[in-house]
Amino acid sequence: MLTASLAVPVLVLFALALLAPLVILLRQSILDESGSRLTLENYAAVIRSLAYRRALLNSTLIAFASTLLALVLCFPVAVYIERSNSRYRDALAVALTIPLSLPGIVIGFFVILFFGLTGVVPQVFLLFTGERQLNFAYTFGGMLLGYLYFQIPRVVLVLRGSVSGLSQDVIDVSRTLGATPWRVYLDVLLPALLPAIVSAASVSLATAFGAFGTAATLSRGFRVLPLEIAASFTESFRPERAASLSIALALLTTALLIGLGRFAERRLQPQGAPDAARGGAQA
Amino acid sequence: MTLLRRTRGGPADPIMAIGRAFTLVAVVVCLAPLPLLMVVATTVNWPLGFWAGGVTLNWLRDGWETVRPYAFFSVRLALSVLAIDLAIGLPAAWLLARHQFVGRQALTTLINLPLAIPGIAIALALILAYPTARASGLLLLIGQVVYTLPFLVATLVPALAQQALIEREAAARTLGASAIQRLWYVTLPAIRSALLAALILVFTLSMGEFNVSFFLFTPLNKTLPVELYSAYITNRVEVAAAITAIFLLFVVPAAIAIERLGGSKIGQA
Amino acid sequence: MTTAASVIFEHIAYAYAAGHLVVKDVCLAVQPGEIVVLVGPSGCGKSTLLRLVAGLLIPTAGRLLIDGSDMSTFAPEKRLVGWVPQSYALFEHLNVRDNVAFGLRMRRAKRELIRQRVSEMLELCRITDLANRPVTQLSGGQRQRVAIARALAVSPRVLLLDEPLAALDPQLRTAIRADLQALLRASGVTTLFVTHDQEEAMAVADRVAVLRAGQVEQFGTPQELWQTPANAFVAQFFGGATVFTAQRVGPGRVRLAPGLEAPVALSHDAQTLQIALRSQDLEILPEVAPDEAGQFVPAAMEFAGDAFKLTGELVGAGALTVLHDRPVTLGQRYAIRVKPGRTICVISQNHDTDHHSHQRG
């Protein structure tokens, strides 16, 4: 059939270039060091290892913190951008998508420019107070800022879709019933957009867990999972360790993206929760 | 449905006012690095302050000399990725947009899988599967194709699924146009802006891709972002800034073009 | 139950954008506890007036007084006004009870008070058995009652209803209308009710304001508007009448058309009068020879249950609609006369209505 053959190229490509390699990765992760016996030792070692557990904790910490910050910041942004009649609206929307086109390393470099040793902010403090302050680029705070930077466009994008479905009448009615603007955000807009918020969170978390470039540029001791994967592959050359970490991370991000996404669609009200938004798990 | 109304003379809508305040903060956060980057890239001696030592274009000039081969390689790579993506992705998008069939949801999930899996995992899997293909740069190409394909498909499907377009094609068919003629004269013009957005998108994603490329590159097949990374590690901050500025020239205008073409609809595919 | 307020519109004007006035110059005085219906064609500004009272819009000119205080620039959350939009705008993520309780929660009422008040409202609007149902599962009529219960729960001084019956099935409308009117009377709250349906306006209102292009054409009781419309527009829009020019032929008598004369109130003594003819005012007489009375030529006929509605021409005067209990032959001339005992309504002799004179209650 002609129509079925339309799918052949993509099926072949993905079978060869994605599925088969993933299977091989999986297999590598359950082989022992000699390469001949199947074992779950690699996963056990990962779980036992303090370093890897710490990396998981760090990853979780920064993923949730940056997601939370991004949601709090971008929720009113999405409401404004989607419903504003201002002539600057389009320009503002474009400005917010700039981070989408940047690789994580560039974002990390930006943080360094602002808060690194020779960063603009410490230099200004040095000028006025004689001491460098806010030199936190290479700490958790700096990484958080970097992660926030690439979350902003993704979260705004996902939320905007649902904001367009909000009824102005509902907002107006809540005000006549006594809701101040902040209460409108908390008691009317937030519950109405909850599915979109969960959806945005799923994209944001998955991206944050999988982010490598930003961490590679900024991390000095705050180890996250992607860095451990890279280290076990390029430095200590333990492909089976790298494989098991990769599989674990991939399962985590996939579960977050697809699982939370479906949860948003089904359990919460059936709004048009968008599919995996731009950027997926890459930053 | 009630439109958003603009009041004159009275207090502005406070809900939108809150939104506007947050938006300005977010926009400042997003844009502030850019002018700073330009300042650093043109300062003779940045550790001593703004334009300490004077303004210079030397960093930019030297930076360009250094990265020029990598920039061109990235561009060639991006164009190849684009061509392959189009050849593979357009038929797939057509299938998803026009036909209902049993495995449709599964196919969509499959195509979107690279979005869910961290780039580093994709890269590692490819290396383990085809270790010999790495040296030739083939893995780099394949990795980028796999990573960018979901974006192309997601951009094209809504454009191809438009009811108005389908009806127009049907009308052309009744007027005697063959399949090729319909494709050329009816379909492609109608999806022109989505197609352009998709192509620029893939180009930009490829130019800016790091997580996959970092593990699949070789000295002969090195992309601009990877070179950028080594500049960050080894070089003066002014040089790094200059090279970053050059890199931004390749991706930021394209990103703006995508947004103007309505590319932000991708998140809602 | 509620302390009803008076509402005064003092030369209110409103423009959406520069130069485009939706409300031009409105002066109305609504008494506490009154039900006032704002009626008019689309675009006349009636919904805008409601939004001005609610505080969702700020007047471009003029003052809005609620209970004597100038509330023109107060934010909605400070006004204690209940507003029910046409879409009802229920909170979809809450059930019925929580919807009704919303206003009380916003005003930080104690939990016990909220519980009690909500029960009262559910009882009043007869939706007690729906209390725990999610609003997405309700019918149109049920949603309307929830919206009204929600608005009344905070004991508003004024209640604003924007086309509350428009979204309902036509068959239900009359029954629900009676319910609604009973509810409004029971609660005693000052009500501003917007509709484009004049029959609804007449049934529900204490007084009616007819609006056109941002101005009040007439404000009075339904009987006043029916019997003494201020101008042709009110007679046509509100009374469904056709307006003709008639010549006076004697005290209390005018001629509408060749052969057709009619009695009018003695007080009208101008030579030329504008009269409003309604379809119930006239009857055709198929047995009578056309030459001895006015003449009517039907061009279209509709079956309307109790009678046939005939649209045609009153010869020498203009287009007219008449009711008859039997079908007629189209195109044939029929004798027509004013039904015995009926007095024809005359439109006030000032054609440019002085808006002020008709607006003070």
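# Three chains of a predicted model

The contact between chain A and chain B takes 85 residues from chain A and 77 residues from chain B; two residues are in contact if their C-beta atoms, placed from the backbone, lie within 7 Å. On the side of chain A that touches chain B, helix α2 (residues 8–29) of chain A gives the most, with twelve residues. That side of chain A divides into 61 nonpolar, 20 polar and four charged residues. Here Ala, Val, Leu, Ile, Met, Phe, Trp, Tyr, Cys and Pro count as nonpolar, Asp, Glu, Lys and Arg as charged, and the others, Gly among them, as polar.

The model is predicted: local features need pLDDT of at least 70 and side-chain atom pairs count only at pLDDT 80 or more, whereas totals for chains, interfaces and linings use all residues. Residues are numbered from 1 along each chain as its sequence is written, while chains are lettered from A and ligands numbered from 1 in the order in which they are written.

## Chains A and B

Helices (H or I, at least four residues) and strands (E, at least two) are DSSP runs, numbered from the N terminus. A residue is buried if 20 or more other C-beta atoms lie within 10 Å of its own, exposed if 12 or fewer, and partly exposed in between, with C-beta atoms placed from the backbone.

Among contacts with a separation of 6 or more, residues 24 or more positions apart account for 75% in chain A and 73% in chain B.

## The largest nonpolar core

A nonpolar core is a set of buried Ala, Val, Leu, Ile, Met, Phe, Trp, Tyr and Cys residues joined through C-beta atoms within 7 Å. The largest such core holds 294 residues, and those touching the most other members are A:Leu159, B:Leu124, B:Leu156, C:Val53, C:Leu160 and C:Ile275. Helix α3 (residues 58–98) of chain B supplies the largest share of this core, 16 residues. In soluble globular proteins, nonpolar side chains tend to be buried together.

Leaving out residues up to four places away in sequence, C:Ile275 touches C:Phe244, C:Ala246, C:Val254, C:Leu256, C:Val264, C:Ile344, C:Cys345, C:Val346 and C:Ile347.

Helix α4 of chain C (residues 140–153) has 14 residues and reaches 20 Å from its first C-alpha to its last. This is close to the 20 Å expected at 1.5 Å a residue, where the expected span is 1.5 Å times one less than the number of residues. The helix α4(C) is mostly covered, with eleven of its 14 residues buried. Among the buried residues are C:Arg143, C:Gln144, C:Arg145 and C:Arg150, as well as C:Val146, C:Ile148 and C:Leu152. The cover over the buried residues of α4(C) includes β6 (81–84), α2 (96–106), α3 (111–124), β7 (158–162) and α5 (170–187) of chain C. Just after α4(C), C:Ser155 takes a positive phi of about 50 degrees.

Strand β6(C) is covered on both faces: C:Val81 and C:Trp83 on one side, and C:Gly82 and C:Val84 on the other, are all buried. Two strands pair if DSSP finds at least two bridges between them; β6(C) and β7(C) pair in the parallel sense over four bridges. In this pairing, C:Trp83 stands opposite C:Leu160 in β7(C).

## A sheet and a loop in chain C

Five strands of chain C form an open sheet in the order β15-β19-β16-β17-β18, with antiparallel pairing. Its edge strands are β15 (282–285) and β18 (318–324) of chain C, each pairing on one side only. From one strand to the next the twist averages 45 degrees; axes are lines fitted to C-alpha atoms, for helices over the stretch in contact, and angles run from 0 to 180 degrees between N-to-C directions. Strand β17(C) (residues 308–314) and β18(C) run antiparallel and are joined by seven bridges. The bridge partner of C:Thr311 in β18(C) is C:Thr321.

C:Gly33 lies in the loop between β2 (20–30) and β3 (35–39) of chain C. C:Gly33 counts as partly exposed because it has 18 C-beta neighbours inside 10 Å. Apart from neighbours within four places in sequence, C:Gly33 is in contact with C:Ala4, C:Gly188 and C:Thr190. The C-alpha atoms of C:Gly33 and C:Gln274, 241 residues apart along the chain, are separated by 36 Å.
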